[in-house]
There are 2 protein chains.
Amino acid sequence: MNFKEELQKKTEEVQKTILRYLPKEEGFASNLAAAMNYSMKAGGKRLRPILMKETYAMFGGTGEVIEPFMVGMEMIHTHSLIHDDLPALDNDEYRRGKKTTHVVFGEAMGILSGDALLNYAYEVLFHAFDLSADNERVVLALQILAAKTGIYGMLGGQSVDVENDGKPLSLSMLEYIYKNKTSALIEASMMVGAILAGADDGSIRTMEQIGYLVGIAFQIQDDILDVTSTSEELGKPVGSDEKNHKTTYVTLVGLDAALQEVERLSREALSLLDGLEEKNPFLYQLVEELVHRRK
Amino acid sequence: MNFKEELQKKTEEVQKTILRYLPKEEGFASNLAAAMNYSMKAGGKRLRPILMKETYAMFGGTGEVIEPFMVGMEMIHTHSLIHDDLPALDNDEYRRGKKTTHVVFGEAMGILSGDALLNYAYEVLFHAFDLSADNERVVLALQILAAKTGIYGMLGGQSVDVENDGKPLSLSMLEYIYKNKTSALIEASMMVGAILAGADDGSIRTMEQIGYLVGIAFQIQDDILDVTSTSEELGKPVGSDEKNHKTTYVTLVGLDAALQEVERLSREALSLLDGLEEKNPFLYQLVEELVHRRK
């Protein structure tokens with residue numbers, strides 16, 4: 001099985017796990033459940049749960065305790081997409097070729113289903129206590145995940161991004177946004193995998209650093225593709241950053257420097273992975289692919 | 001000290017506890033912290049944390065572990081108010097005489113600060129593990145609190161309320177909304193207090209039942225005041241339910257039956273409290289006042 005087939009198989013496995021944890025569409029609040037499930041079933045790469053599971057496996061984890069964390073992470077991520085798409089934020093009508101949640105269910109249900117998914121993430125996460133013999137590890141994983149999601153992580157980055165929409169950004173502010181809006185949940189995914197598998201503190205910090213590097217490189221690659229790719233390759237309009245007067249890594253430092261920075265970040269991430277005693281060739285290749293993707 | 005003075009003193013104590021847990025308004029995301037703190041400092045009765053603390057005290061609880069739960073509960077409640085006030089939901093410009101969060105900080109920050117408060121509630125709640133010798137009790141309290149907040153609690157009730165705005169409601173749907181939108185967090189407050197103090201299962205269930213009765217009675221009393229009170233007494237417009245063609249307990253069963261139902265519910269709640277071995281005269285009086293309030 002080549003890498004692409006293996007990735008597809010793993011994505012389908014994660015998909016099945018997610019489906020088992022979704023709320024039932026029944027009772028008076030069935031429409032709220034339907035809105036939550038619509039967005040959770042809308043597809044996506046399931047990147048964060050896969051990174052989490054592969055890190056867990058790399059450090060020797062074999063238990064079911066990882067499942068609620070994988071699902072909770074994807075629910076938190078999906079919550080952020082639903083609210084991101086709302087008229088008051090990015091006002092997007094389509095995501096991955098499908099109508100966004102608020103377009104299908106109305107704006108009020110868009111807001112409430114995002115809220116309900118964020119809260120349901122924690123409801124699901126708390127099942128982990130019933131699946132683990134080591135509650136201390138579960139508590140630490142929860143603390144990290146919550147911190148990387150909130151004002152000192154994803155939601156902080158999201159708020160600064162939204163507030164400065166259309167304004168010129170400094171490099172330090174752009175890096176703050178990329179680190180928090182994109183890296184934070186990737187850091188959390190890799191840290192949680194390591195923590196639950198019983199990795200030592202040094203390895204947990206290494207996975208945090210790898211997550212940080214992958215997130216930033218991923219985001220800069222996004223900026224690069226917007227100027228180097230074609231609409232056909234990318235499956236979405238290109239050149240939109242310039243049209244929207246958006247500050248990106250490419251507009252700030254130029255295309256050549258951006259390409260070099262992606263190289264530097266990805267080399268550092270792969271070398272950190274290489275330096276670990278534990279090995280997972282699939283994870284290594286996934287990190288490589290993420291940074292060098294063409295779409 | 002009479003009851004009113006005692007209540008004021010306790011409210012001020014809770015207020016001080018809350019202030020100690022708020023995020024600092026610094027760094028790039030300082031405006032998000034400001035929006036979160038604006039709504040958290042906007043006042044309110046702090047009813048849920050007070051009920052939680054008094055239940056905890058009644059069952060002999062004396063530790064600090066109750067603090068993150070009191071603060072987390074108030075953050076969850078405040079999150080729901082911010083999102084409730086948004087243009088896509090109730091579109092309220094004022095709450096308790098102050099401009100609502102989205103009016104002051106913009107709609108995008110209204111959405112994100114509500115999200116950040118819901119998540120921060122869990123960040124704060126996870127501190128409880130560092131303050132307790134009995135993590136099993138903390139886990140149970142977290143599970144109950146999360147369940148009463150989400151699709152099977154407050155957010156479920158909220159979604160059904162919003163979806164049926166302006167439509168005629170059946171009595172069973174109205175009761176579903178009142179139970180979930182209002183009672184659920186009161187039930188959780190009283191259950192968490194009991195759980196953390198080490199109360200037995202029967203007592204925890206009794207507190208859930210009392211919370212349920214108090215929440216429903218509180219909500220029906222709201223409906224009653226809208227037709228029996230004056231704007232001066234209530235501090236807000238009266239008769240708005242009829243004007244908005246809103247289905248309430250009073251429009252469904254009539255004023256007399258509504259008054260009788262409040263009496264029945266409150267008698268039952270007080271008799272359940274009376275039946276417990278543990279006593280807290282302040283809590284008893286608070287429950288009495290809540291149900292019979294004139295505003």
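The legends below describe views of the interface between chain A and chain B in a predicted model.

**View 1. Contact between chain B and chain A.** In this view, 47 residues of chain B touch 47 residues of chain A. About 4,100 Å² is buried between the two chains, and carbon and sulfur atoms give 74% of that area. Phe28(B), Phe126(B) and Ile151(B) together account for 18% of the area that chain B buries against chain A, more than any other three residues.

**View 2. Helices on the side of chain B that touches chain A.** At least two residues of this side come from each of helix H2 (30–40), helix H4 (66–84), helix H6 (107–125), helix H7 (128–131), helix H8 (135–149), helix H9 (154–163) and helix H10 (171–196) of chain B. H6(B) gives the most, with 12 residues. By residue class, the side of chain B that touches chain A holds 30 nonpolar, 11 polar and six charged residues.

**View 3. Polar pairs across the interface.** The rule finds 10 residue pairs in polar contact between chain B and chain A, with both residues of a pair at pLDDT 80 or more. For salt bridges across the interface of chain B and chain A, the rule finds zero.

View 4. The same surface serves both copies, as 100% of the contact residues of chain B recur in chain A.

Technical notes: Residues are numbered from 1 along each chain as its sequence is written. Chains are lettered from A and ligands numbered from 1 in the order in which they are written. This is a predicted model: local features need pLDDT of at least 70, side-chain atom pairs count only at pLDDT 80 or more; totals for chains, interfaces and linings use all residues. Side-chain values use heavy atoms; hydrogens and water are left out. Contact means heavy atoms within 4.5 Å. Buried area is the accessible area (1.4 Å probe) that two parts lose on being put together, summed over both. A salt bridge is a side-chain nitrogen of Lys or Arg within 4 Å of a carboxyl oxygen of Asp or Glu. A polar contact is a pair of N or O atoms within 3.5 Å; within protein, one must be able to donate a hydrogen and the other to accept it, and residues adjacent in sequence count only if both atoms are side-chain atoms. Helices (H or I, at least four residues) and strands (E, at least two) are DSSP runs, numbered from the N terminus. Ala, Val, Leu, Ile, Met, Phe, Trp, Tyr, Cys and Pro count as nonpolar, Asp, Glu, Lys and Arg as charged, and the others, Gly among them, as polar.
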